[in-house]
Amino acid sequence: MFARFLSLAALGLASALVGAPLAAQTSPSGYHVTRRIPVAGDGGWDYVTFDTARSRLFISRSTRVQVVDANSGQLIGEIPNTGGVHGIALAYSLNKGYTSNGRDTTVTVFDFVSLEPRKVIHVTGANPDGILYDSVTQRVFTFNGRGQNITAIDAVGDTVVGTLALGGKPEAAVSDDAGHIFVNIEDRSLIVEFDAAKLTILHSYPIAPCTSPSGLAMDRAHSLLFAGCDNKMMAVIDANTGRVIATPPTDEGTDADAFDPITGIAFSSNGAGTLTLVTQTTPGNFTSESIPTARGARTMALDPKTHRAYLITATFGPPPAPTAAQPHPRPAMVPGSFVVLVVGKEG
């Protein structure tokens, strides 16, 4: 997922409206950017994870994870030495968290309360990207982009217990809380379902017309999957059959999806500078609404208690002149411009 963000930056699309005055945007849903939280520090970013137990945001920042209090906006700690960190998974019952470190091909285990690192685990595939804790099996799964496989880690003993080959590049994944995991296969436009205990593939579902799926969310009550697609749509998929039942429009550069089980809204964060809200109006029929956020804000986390979405981005300057060695140079992030955007109905 981090590589997808860098491609957006290279195109010069990641300039955010940091510091702009807040103004509620009129929209049918009432959602709008209600707050901007500046976060100090340099480095790129990828996933952001919301901690529902303590209202904290875990933000991957290249070499470390920053932890921000969502209420005060204060930076309250960092988890260091996570080279090329992509994602963060939280195991509440075990009081532990896990980071997927793509450059280091490792997972860092940290104490959920103190944030102190406890162990480093070497995974079995290159570039661990997405990461997921499954409470049913008490396993952590890393989805290894270049390795095209999954590493399963026993979260009680923090040891690797298996590997599952996928035959393609995995992105985001979700659990149905019944022993099954669904994962996007980005380069093959598939969703693979596998048994979390046996590490066997159960189904492989083509999801055309969706291409290059990245984000994935699930409505467990109604067995629906929501996949964010590179071709500006969200694929709504019956998790029991794999059938695509709707493709409501989103926007350019989508990278993360979330679902709010209380409001019934599925979210897609889009690097073009919008957040798309998808709602089922009648069985099988969905409407979508896109509200403005800021360019580059393509990853997000959802607080299911307050129904707020948290997106992250920064301002980028113009790219340097191309050279033979760097024909498509990436623009540099403006120092001090990294920000968390809070989207809700307040204000």
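This is a short chat about a predicted model of one protein chain.

Reader: What radius of gyration does the protein chain have, and what would a compact globule have?
Author: The protein chain has 19 Å. A compact globule of 347 residues would be near 20 Å, so the value agrees.

Reader: What box do the C-alpha atoms fill?
Author: Roughly 50 × 50 × 45 Å, taken along the principal axes.

Reader: What share of the residues counts as buried?
Author: 57% of the 347 residues.

Reader: And the accessible surface of the protein chain, what does that come to?
Author: About 13,400 Å². Carbon and sulfur atoms hold 54% of that surface.

Reader: Contacts next. Of those between residues at least 6 apart in sequence, what percentage joins residues at least 24 apart?
Author: That share is 46%.

Reader: On to sheets. Which strand order does the sheet with β10 have?
Author: The order is β10-β11-β12-β13. This sheet is open, has four strands and pairs antiparallel.

Reader: Which strands stand at the edges there?
Author: β10, residues 128–134, and β13, residues 159–165. Each has a single partner strand, so one side of each is left without a neighbour in the sheet.

Reader: What does the twist average?
Author: 20° from one strand to the next.

Reader: How many bridges pair β10 and β11?
Author: Six, in the antiparallel sense, with β11 covering residues 139–144.

Reader: What do strands of a sheet pair through, in general?
Author: Through backbone hydrogen bonds, either parallel or antiparallel.

Reader: Where does β1 sit among its sheet neighbours?
Author: At one end of the order β1-β28-β27-β26, an open sheet of four strands with antiparallel pairing. β1 and β26, residues 299–303, are the edge strands. Each has a single partner strand, so one side of each lacks a neighbour in the sheet.

Reader: By how much are neighbouring strands of this sheet turned against each other?
Author: By 25° on average, direction ignored.

Reader: How many bridges join β27 to β28?
Author: Five, and the two strands run antiparallel. Within that pairing, Ala-309 has Val-343 of β28 as its bridge partner.

Reader: Hairpins now. How many residues lie between β23 and β24?
Author: Three. Gly-273 in that hairpin takes a positive phi near 110°. The strands cover residues 265–270 and 274–282, run antiparallel and are joined by six bridges. Asn-270 stands opposite Thr-274 in β24.

Reader: And β24 with β25, how many residues between the strands?
Author: Two. Here Gly-284 takes a positive phi, near 85°. β24 pairs with β25, residues 285–292, over eight bridges in the antiparallel sense. Thr-282 faces Asn-285 in β25.

Reader: Switching to rings. How many aromatic pairs does a search of the whole structure find?
Author: Eight. One of them is Trp-45 with Phe-316, a tilted pair at 6.1 Å centre to centre and 50° between the planes.

Reader: Where do Trp-45 and Phe-316 lie?
Author: Trp-45 is in the loop between β1 (32–38) and β2 (48–51). Phe-316 is in the loop between β27 (308–313) and β28 (339–344). The pair therefore ties together parts 271 residues apart in sequence.

Reader: Buried or exposed, those two?
Author: Trp-45 is buried, at 1% relative accessible area. Phe-316 also counts as buried, at 15%. The cut-off for buried is under 20%.

Reader: Which residues do ring pairs link into a cluster?
Author: Trp-45, Phe-316 and Phe-338.

Reader: What about Tyr-92 and Phe-112, what kind of pair do they form?
Author: Edge-to-face, with 5.4 Å centre to centre and 75° between the planes. Tyr-92 lies in the loop between β6 and β7, and Phe-112 in the loop between β8 and β9, so the pair ties together parts 20 residues apart in sequence.

Reader: How accessible is each?
Author: Tyr-92 is partly exposed at 33% relative accessibility. Phe-112 is buried, with 1%.

Methods:
Residues numbered from 1 in each chain as written. Predicted model: local features only at pLDDT ≥ 70, side-chain atom pairs only at ≥ 80, totals over all residues. Heavy atoms only, no water. Pairing = 2+ DSSP bridges. Axes fitted to C-alpha atoms, helices over the stretch in contact; angles between N-to-C directions. Rg over C-alpha atoms; globule rule 2.2 N^0.38 Å. Buried < 20%, exposed > 50% of the residue type's maximum accessible area, 1.4 Å probe, protein only. Contact = heavy atoms within 4.5 Å. Areas by Shrake-Rupley, 256 points an atom, 1.4 Å probe, with all protein chains shown as cover. Phe/Tyr/Trp six-rings, centres within 6.5 Å; stacked < 30°, edge-to-face > 60°.
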